[in-house]
Amino acid sequence: MSQVKENDTVKVHYTGKLNDGRVFDSSLEREPIEVTIGQGMLIPGFENAIIDMKVNEKKTVEIAKEDAYGDINEELFHKVANEQLPPEVKPELGMGLTSKSEDGREHQFRVVDIQDDHIVVDGNHPLAGQALTFDLEVIEIK
C-alpha cells in the first residue's frame, strides 16, 4: 500500500483542537481538504504529520507552535487613531478588520483593545503562539 510522500496530492479529513480541547476547525462536516505535499499550503507540522501515512490511516498529532503559526510577533500590533477608521466602523473587541497596503495587498487584523482615542489591532494569525492538536485521516493519495 502506498504512503504519502513529497509531491503527492492527498485528500485528508482533519479536526484541529486547542490545548484545552476546543475544536477550532474540522473538515468532517464537509469535503476533506485536498493539497499537494511540499507546496507550502499547510502549516509545516500538519504537512510533516501526513508524510508516510497510508489511505484510511488515522492518527492524532501535537504540533508545536513553531511548526504551526509561530510565536506572537509584537511588531504586528498597531495603534490606530479613531480618525483613521472609516466613519461606519464601530470597533468591537475581536472584530476583524482588513487594510490595504500601498501595493494593493490586503492584511487581516483583529481588534484587541479599544481606548477613547484609538484602537489596537493585531495582525498575527489568530492561532499564533499556540500548540495545536490534529486528528488526521488520509482519504486518498493521487
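The following questions and answers concern a predicted model of a protein.

User: Which pattern of helices and strands does the protein follow along the sequence?
Analyst: The protein in this predicted model contains one helix and nine strands. Read in sequence order, these elements give the pattern β-β-β-α-β-β-β-β-β-β.

User: What share of the residues in the protein is buried?
Analyst: The accessible surface comes to about 9100 Å², and carbon and sulfur atoms account for 46% of that surface. A residue counts as buried when its relative accessible area is under 20%. Of the 142 residues, the buried share is 34%.

User: Among contacts between residues at least 6 apart in sequence, what percentage join residues at least 24 apart?
Analyst: A contact requires heavy atoms within 4.5 Å. Among the contacts between residues at least 6 apart, the part joining residues at least 24 apart is 63%.

User: How far apart are the mean positions of the positive and negative charges?
Analyst: The protein carries 15 positive and 29 negative charges. The distance between their mean positions is 5 Å.

User: Which element gives the most residues to the largest nonpolar core?
Analyst: The largest nonpolar core has 22 residues, and V10, F46, I50, F134 and L136 have the most contacts inside it. Two or more residues each come from β1 (9-17), α1 (44-50), β4 (58-63) and β9 (132-141). The top contributor, with five residues, is β9.

User: How many residues are in the other core that lies apart from the largest one?
Analyst: This other core includes V80, L85, V89 and V121. Its number of residues is eight.

User: Is V61 buried or exposed?
Analyst: V61 sits in strand β4. Beyond its neighbours within four places in sequence, V61 is in contact with A49, L132, T133, F134 and L136. Its relative accessibility is 15%, so V61 counts as buried.

User: What is the C-alpha to C-alpha distance between V61 and I139?
Analyst: V61 and I139 are 78 residues apart in sequence. Their C-alpha to C-alpha distance in space is 17 Å.

User: Which residues does E34 touch, not counting those up to four places away in sequence?
Analyst: E34 belongs to strand β3 (residues 33-36). With a relative accessible area of 42%, E34 is partly exposed. Its C-alpha atom is separated by 11 Å from that of Y14, which is 20 residues away along the chain. The residues that E34 touches are T9, V10, K11 and K142.

User: Which residues does V10 touch, not counting those up to four places away in sequence?
Analyst: V10 is one of the residues with the most contacts inside the largest nonpolar core. Its partners are V4, I33, E34, V35, I37, I50, E140 and I141.

User: What is the phi of D52?
Analyst: Most residues other than glycine have a negative phi. D52 lies in the loop between α1 and β4, and its relative accessibility of 48% makes D52 partly exposed. D52 is not a glycine, yet its phi is positive, at about 75°.

User: Is N56 buried or exposed?
Analyst: N56 is in the loop between α1 and β4. N56 has a positive phi of about 70° although it is not a glycine. The cut-off for an exposed residue is over 50%. At 54% relative accessibility, N56 is therefore exposed.

Technical notes: Residues numbered from 1 in each chain as written. Predicted model: local features only at pLDDT ≥ 70, side-chain atom pairs only at ≥ 80, totals over all residues. Heavy atoms only, no water. Helix = DSSP H or I, 4+ residues; strand = E, 2+ residues; numbered from the N terminus. Buried < 20%, exposed > 50% of the residue type's maximum accessible area, 1.4 Å probe, protein only. Areas by Shrake-Rupley, 256 points an atom, 1.4 Å probe, with all protein chains shown as cover. Lys, Arg positive; Asp, Glu negative; His and termini not counted. Charge placed at Lys NZ, Arg CZ, Asp CG, Glu CD. Core = buried A, V, L, I, M, F, W, Y, C linked by side-chain atoms within 4.5 Å.
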